[in-house]
Amino acid sequence: CFGATRAEQPFLFGTSTTACAFLGWRINRFGTPGFNDVCGYSPNSPNCLALNAFNLQSAADECHAIGSRLCTQFELEADVARQSGCQLDFGSVWSSTPCNGTTHFLIIGGSTKSSFVPTCADRFSTQASVRCCADRTAQPAEDQITTTPLPPTSAPTFTPSAAPTIVPTTAPTESPTVSPTQFPTFEPTSAPTSAPTDAPSSVPTDQPSLIPTSVPSVAPTTSP
């Protein structure tokens, strides 16, 4: 049962941010039909020190750090990462293919040479190895949706959130904005402005202004 979506697990989906040619990875090294735009590699090669040491998130981070992404089940079964190092042709690696909702993902063999049976594993607690895939044509990170909207916080945050909130805050901020707003406020401010307005007010003021206005007021003031 495949259930995760791009919005639910945004770090797993999308195109690699670095192209195969730039990474130096061979595209579809075994010529599997339908996979002529994908390449694969073992990111721990050649030292191969951290095998079976990744949960799903850390595996995805390992790939993203070099501009690639996790391989799908079908890419691994098409041998796009076969013979890419660390003897993972016979090992088990994470795929970005979900099963049983959004918390479990398939761990499968690093190539068709592996006898490892695809297993639906908990993405938080299970440890496995990682092989990464990339695309012939990369897509810059700023053009991809990598975060989902966040609900508004109950109180103002010290720094802005990494992603926009789904709805605006229910109450105004405690301090005015650093720069003026694009539109005027719906209600008058509690205190007069620090500088004269460009034009006279539409109604007379209770007291005359301290300095003359550039044009006469529309109506007389209540006192001279």
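What covers the buried residues of helix α2 includes β2, β3, β4 and β6, where buried stands for under 20% relative accessible area, exposed for over 50% and partly exposed for what falls in between, computed with a 1.4 Å probe on protein chains only. Contact here requires heavy atoms within 4.5 Å, and the helices (H or I, at least four residues) and strands (E, at least two) are DSSP runs numbered from the N terminus.

Before I go on, please keep in mind that this is a predicted model, in which local features need pLDDT of at least 70 and side-chain atom pairs count only at pLDDT 80 or more, while totals for chains, interfaces and linings use all residues. Residues are numbered from 1 along each chain as its sequence is written, and side-chain values use heavy atoms, with hydrogens and water left out.

Let me stay with α2. Which residues of helix α2 are buried? In this helix, residues 56-64, they are L56, A59, A60 and C63. Seen down the axis of α2, these buried residues fall within an arc of 100°, so they line one face of the helix; the arc is that of the directions from the helix axis to the C-beta atoms. As background, an α-helix has 3.6 residues a turn, so residues three or four places apart point the same way. At the start of α2, a side-chain oxygen of N55 reaches to within 3.3 Å of the backbone nitrogen of Q57, which I read as a polar contact (a pair of N or O atoms within 3.5 Å; within protein, one must be able to donate a hydrogen and the other to accept it, and residues adjacent in sequence count only if both atoms are side-chain atoms).

Now to the strands. Three of them form an open sheet in the order β1-β6-β2, with antiparallel pairing, two strands being taken as paired if DSSP finds at least two bridges between them. β1 (38-41) and β2 (69-70) stand at the edges, each with a single partner strand, so one side of each is left without a neighbour in the sheet. β1 pairs with β6, residues 132-135, over four bridges, and Y41 stands opposite C132 in β6.

β3 and β4 also pair in the antiparallel sense, over five bridges, and P98 has F105 in β4 as its bridge partner. The two strands form a hairpin with four residues between them, and N100 in the turn has a positive phi of about 55°. Four bridges then join β4 to β5, residues 119-122, again antiparallel, with D122 in β5 as the bridge partner of H104. Five of the six residues of β4 (104-109) are buried, so this strand is largely enclosed by the rest of the structure.

The C-alpha atoms of S111 and D79 are separated by 5.2 Å, although the two residues are 32 apart along the chain. A polar atom of the S111 side chain lies 3.1 Å from the backbone oxygen of D89, and a polar atom of that side chain also lies 3.1 Å from the backbone nitrogen of K113.

D79, itself buried with a relative accessible area of 6%, forms one with R82, where the closest N and O atoms are 3.2 Å apart. D89 forms one with R131 at 2.8 Å between the closest N and O atoms; this pair links distant parts of the chain, D89 in the loop between α3 and β3 and R131 in the loop between β5 and β6, 42 residues apart. Both D89 and R131 are buried.

R69 forms a salt bridge with D135, the closest N and O atoms being 3.0 Å apart, and this pair joins strand β2 to strand β6 across 66 residues. R69 is buried at 8% relative accessible area, as is D135 at 13%, and R69, E75 and D135 are linked in a network of salt bridges.

Finally, the loop between α3 (73-77) and β3 (92-99) holds Q83, which has a positive phi of about 60° although it is not a glycine. Q87 lies in that loop too, with a positive phi of about 55°, and Q87 is exposed, with a relative accessible area of 70%.

Terms used. Salt bridge = Lys/Arg side-chain N within 4 Å of Asp/Glu carboxyl O.
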